[in-house]
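Let's take a walk through this model together, with the structure open beside the text.

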Amino acid sequence: MQATKSVGHFSHVSNFTGYMQRIYKIVSRRGKKQKILDIPAGNGLLSDKLRQDGHLVVSADINRERPEFVYANMGNKLPFCDADFDTVVCLEGLEHLVNPQFAISELCRVCRNDGYIVVSIPNIQNCYSRLNFLCKGFFFQFPPYAPPSISACEELDLGHLSPLTLRQVELLFHFCGAKLVQITGDRWKRWYLMPIYLTFLLLGLLWIIFENGFNKQKWRAIGKGLSNLLRPASLFSRSLILVFQTEEHGSSN
């Protein structure tokens, strides 16, 4: 196997964020001590909080932020056995990958049957991001900067590389044997622009009605997806927090 060289340039937040607090509460509600994988662990703040509650937490990342971190590159096969964890937590990691689909298959592989996978991703479908795309041509948090020049043997945080919609993530987990059981989010983004948001939302709904008419069969097909997009968390939160429950293990291809 080819050795890798870390260039020591990885981004993570320095504080216990709103999405960390939400995910901590989601995991804690399960009401039992769990074996948890936290990947990418960043600087380990969420891992520390979960350990304080008595959970067995494995922190994994490529950043080598702490000596106890397990080295794991989410672009490759994870160094864990099948069905090794009760809960898998992946905060703000999938959007940094060239191939999120492979990473999702690995998260499902290492999670036990009837386990939970909690994911947070930048919400590119919130109203502010839609407005950002309309005016600038790119989603909020996904600026079109040129990627850094790196060789094949280097590891570097490429930043927000892969914008993911709610439907994309739901389907990718579904193909790997995990169903979406909860949608929530963190803080609302630019709520003071609400009058503009509501105007565009109304126009969008009228547009959808015009395109599809009142055909009941069509509306049954698009109803669930549209209802998920119209949730307050989907419309306004900075990050989407999605909870999946594993039903059967998919292959990691």
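What follows looks at one pair of helices and then at the salt bridges. Please keep in mind that this is a predicted model.

Start with helix 4, which covers residues 127-136, and helix 6, which covers residues 194-212. At what angle do the axes of these two helices cross? The axes come within 10 Å, and the crossing angle is roughly 80 degrees. Angles of 65 to 115 degrees count as roughly perpendicular, so helix 4 is roughly perpendicular to helix 6.

Now zoom in on the residues that make this contact. Helix 4 contributes Cys127, Tyr128, Arg130, Leu131 and Leu134, while helix 6 brings Ile196, Tyr197, Phe200 and Leu201. Sorted by class, the contact has 8 nonpolar residues, 1 charged residue and no polar ones.

Next come the charged pairs. Side chains of opposite charge can pair when their charged atoms come close. How many salt bridges does the model have? The count comes to 10, and a few of them are worth a visit.

One of them joins Lys35 and Asp84, with 2.9 Å from N to O. Lys35 sits in strand 2 (residues 35-38), whereas Asp84 is in the loop between strand 4 (70-71) and strand 5 (85-91). The two residues are 49 apart, and the pair links distant parts of the chain.

Asp82 forms a salt bridge with Arg109, and the closest N and O atoms are 2.7 Å apart. Asp82 lies in the loop between strand 4 and strand 5 and Arg109 belongs to helix 3 (residues 100-109), so this pair ties together parts that are 27 residues apart in sequence. Asp82 is exposed, at 53% relative accessible area, but Arg109 is buried, at 6%.

A further salt bridge pairs Arg238 with Glu92, with the closest N and O atoms 3.9 Å apart. Arg238 is found in the loop between helix 8 (232-236) and strand 9 (239-246), and Glu92 in the loop between strand 5 and helix 3, so parts 146 residues apart in sequence are tied together. Both Arg238 and Glu92 are buried.

To finish the tour, look for Asp48, Arg51, Arg66 and Glu68, which are linked in a network of salt bridges.

Terms used
Residues numbered from 1 in each chain as written. Predicted model: local features only at pLDDT ≥ 70, side-chain atom pairs only at ≥ 80, totals over all residues. Heavy atoms only, no water. Axes fitted to C-alpha atoms, helices over the stretch in contact; angles between N-to-C directions. Helix = DSSP H or I, 4+ residues; strand = E, 2+ residues; numbered from the N terminus. Parallel < 35°, antiparallel > 145°, perpendicular 65-115°, else oblique. Contact = heavy atoms within 4.5 Å. Nonpolar A, V, L, I, M, F, W, Y, C, P; charged D, E, K, R; others polar. Salt bridge = Lys/Arg side-chain N within 4 Å of Asp/Glu carboxyl O. Buried < 20%, exposed > 50% of the residue type's maximum accessible area, 1.4 Å probe, protein only.
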